[in-house]
Amino acid sequence: MIYLGASRTDLSSKADDWRDRLHAFLFKDRENKVWVMDGRKKISSHDSYFVKMEKTVEYLERKGVLSAAERKWIKDELAYFKRNFDNVVKAEESEMERQAKAYSKRAKKTTQLARDEYKDLMVKLYDAFADWDSGKGKPIAYYFFEELNIRTCPYCNRQYTFTLHTSKAKTSPEYDHFYDKADYPLLAVSFYNLVPSCHTCNHVKGKNNTAKVNPYFKGFDSKFYLYDRDDTNHRLNAAEMLVKGDGVLKMRKEDDSINIDEQGNIDTFGLKGLYDMHDDFVRELLEKAVSYDKTAREQLADAFQKRGYTPDHVYDFIWGKYLDDVHLENRPLSKLTKDLLEQLEIEK
C-alpha cells in the first residue's frame with residue numbers, strides 16, 4: 001500500500017478547501033431553493049441544504065414514518081454534526097477513530113429505522129455534494145480527484161487512477177469510505193475518510209472490512225519478499241533468487257514477522273491472491289536481473305554516458321522510474337519492483 005502523504009505536503013490545505021466548499025454547500029442560503037421530496041412530489045422549499053435535511057426528518061414524523069423519539073435522535077445527530085463540523089469533516093486518524101466509536105455508542109440508543117433514515121440523509125448529502133458544481137466546470141468529486149492527482153490506487157498499487165473530465169469522455173478513481181458510510185454515516189463526508197481508489201479495491205472491500213491502515217496517514221512498513229517454494233519459511237537471498245527464478249511472494253517485516261494492522265488490509269483487499277497473479281512480472285524482473293548483471297550495467301552506463309546520460313538513467317532504463325518512496329504511486333507495481341530489487345541487492 002502507498003502512503004499518499006509521501007509526496008504531498010499540502011493535504012491539510014486540500015482538507016481545508018473541502019471543508020470550505022462543503023460548508024457553503026450545506027449552510028449557505030441559495031437563490032434556487034432546495035426541496036424536501038417524497039418520491040417525485042415536492043413537499044416544502046428551503047434556503048439551505050442543511051435546513052432541508054432537518055425539515056425532511058420533521059416531515060417523516062408528520063407522515064408517521066418516524067416516532068417523536070426517533071425524530072429527536074436524528075435531529076440530535078444532525079445538530080452534533082453541525083456543532084462539530086470541523087472536527088468531523090477534517091478529522092485525522094485518531095479523531096476519526098474517536099468519532100466512529102462515539103457514533104456507534106450513540107447509535108445503540110435508537111432504533112434501526114432511525115439509524116437507516118439518518119444514514120439515508122448523510123449518504124444523499126455525500127452524493128449531492130460530490131455532484132455539485134465546483135465552479136471549475138466539473139463536479140466537486142472530479143475537481144478534488146484532479147487536485148489530489150493520485151495516479152495509481154493507493155490500496156493495491158496495481159491500477160492507474162487517472163482523472164479525465166471532458167465533454168466526450170469522463171473517467172476517475174472512486175472514493176472508498178475507509179469507515180463505511182452505511183455503518184458510520186457521520187463520516188460520510190469526512191475528507192480523510194474518502195480514499196481515491198480503483199474500482200476493484202472500492203468494491204472488494206465491502207462489509208468484510210478488516211483494513212486498519214488508511215493511506216492518507218501511512219503506508220506499509222512491510223515489504224514484498226520472495227521465499228523458497230520448498231521451504232516457505234526461508235527468505236531467498238539475492239544469489240538464490242537468481243538461481244531459482246521464482247519463489248513464494250509474501251509481505252513481511254524485516255524480521256519476517258507479520259504486521260497485524262497491515263495484514264488486515266492485505267486480507268480485506270485480497271492483495272495476496274492478486275499479487276500471486278503477477279508471477280509473470282516477478283519472473284520477468286528476475287530474468288532481467290540475470291541479463292543485466294553488474295558487468296552489463298556498467299557497459300550500458302559507459303555507452304549511455306557517451307550520449308550524455310548518467311548511470312541513474314541506465315537504472316531507470318532497465319527497471320523503470322518512480323522507485324523511490326516519494327514517487328511509488330506514479331506507476332503500477334512500483335512497490336513490488338522496489339522491494340524485490342532491494343532483495344536482489346540492486347541499488348541505484
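Is F191 buried or exposed? I looked this residue up first: F191 is buried, with a relative accessible area of 3%. My cut-offs, with a 1.4 Å probe and protein chains only, are under 20% for buried and over 50% for exposed, with partly exposed in between.

**Ground rules.** I am working on a predicted model, where local features need pLDDT of at least 70, side-chain atom pairs count only at pLDDT 80 or more, and totals for chains, interfaces and linings use all residues. Residues are numbered from 1 along each chain as its sequence is written, and side-chain values use heavy atoms, with hydrogens and water left out.

**Entry 1: aromatic pairs.** I found 27 aromatic pairs in the structure. In one of them, F144 and F191 sit edge-to-face, 6.4 Å centre to centre with 65° between the planes. The rule I used takes rings of Phe, Tyr and Trp (its six-membered ring) with centres within 6.5 Å; planes under 30 degrees apart are stacked, over 60 edge-to-face, and the rest tilted. This pair links distant parts of the chain, as F144 belongs to helix α7 (residues 140–148) and F191 to the loop between β5 (174–177) and β6 (194–197), 47 residues apart. Helices and strands here are DSSP runs, numbered from the N terminus (H or I, at least four residues, for helices; E, at least two, for strands). I also checked F144, which is buried at a relative accessible area of 0%.

A further edge-to-face pair is F178 with Y179, at 5.8 Å centre to centre and 80° between the planes. Both of these residues are buried.

**Entry 2: the core.** Next I turned to the largest nonpolar core, which has 91 residues; W18, L26, F81 and L125 touch the most other members. Helix α6 gives the largest share of this core, eight residues. By nonpolar core I mean a set of buried Ala, Val, Leu, Ile, Met, Phe, Trp, Tyr and Cys residues joined through side-chain atoms within 4.5 Å.

I listed the neighbours of W18, leaving out residues up to four places away in sequence: V89, F129, I140, F144, Y175, V189, F191 and L194. Contact here means heavy atoms within 4.5 Å. Both rings of the F144 and F191 pair are thus on the W18 list.

**Entry 3: helix α6 and E117.** I checked the span of α6: its 19 residues reach 27 Å from first C-alpha to last, close to the 27 Å expected at 1.5 Å a residue. The expected span is 1.5 Å times one less than the number of residues. Its buried residues include L121, L125, F129 and also E117.

What does E117 touch? Not counting residues up to four places away in sequence, I find L60, V65, L66 and I74. E117 lies in α6 (residues 112–130). It is buried yet has no salt bridge, and the nearest side chain of opposite charge, K124, is 7.0 Å away. For charge, Lys and Arg count as positive and Asp and Glu as negative, while His and the chain ends are not counted.

**Entry 4: salt bridges.** My criterion was a side-chain nitrogen of Lys or Arg within 4 Å of a carboxyl oxygen of Asp or Glu. The count comes to 31 salt bridges.

I began with K72 and D76, whose closest N and O atoms are 2.8 Å apart. Both lie in helix α3 (residues 68–83), four residues apart, about one turn of the helix. K72 is partly exposed at 47%, and D76 is partly exposed at 38%.

Then I looked at K218 and E93, a salt bridge of 3.7 Å, N to O. K218 lies in the loop between α8 (199–205) and β7 (223–227) and E93 in helix α5 (residues 93–107), so this pair ties together parts 125 residues apart in sequence.

K223 is in strand β7 and E342 in helix α15 (residues 334–343), so the pair ties together parts 119 residues apart in sequence. Both ends are partly exposed, K223 at 25% and E342 at 35%. Salt bridges with shared partners join K223, D325, K338 and E342 into one network.
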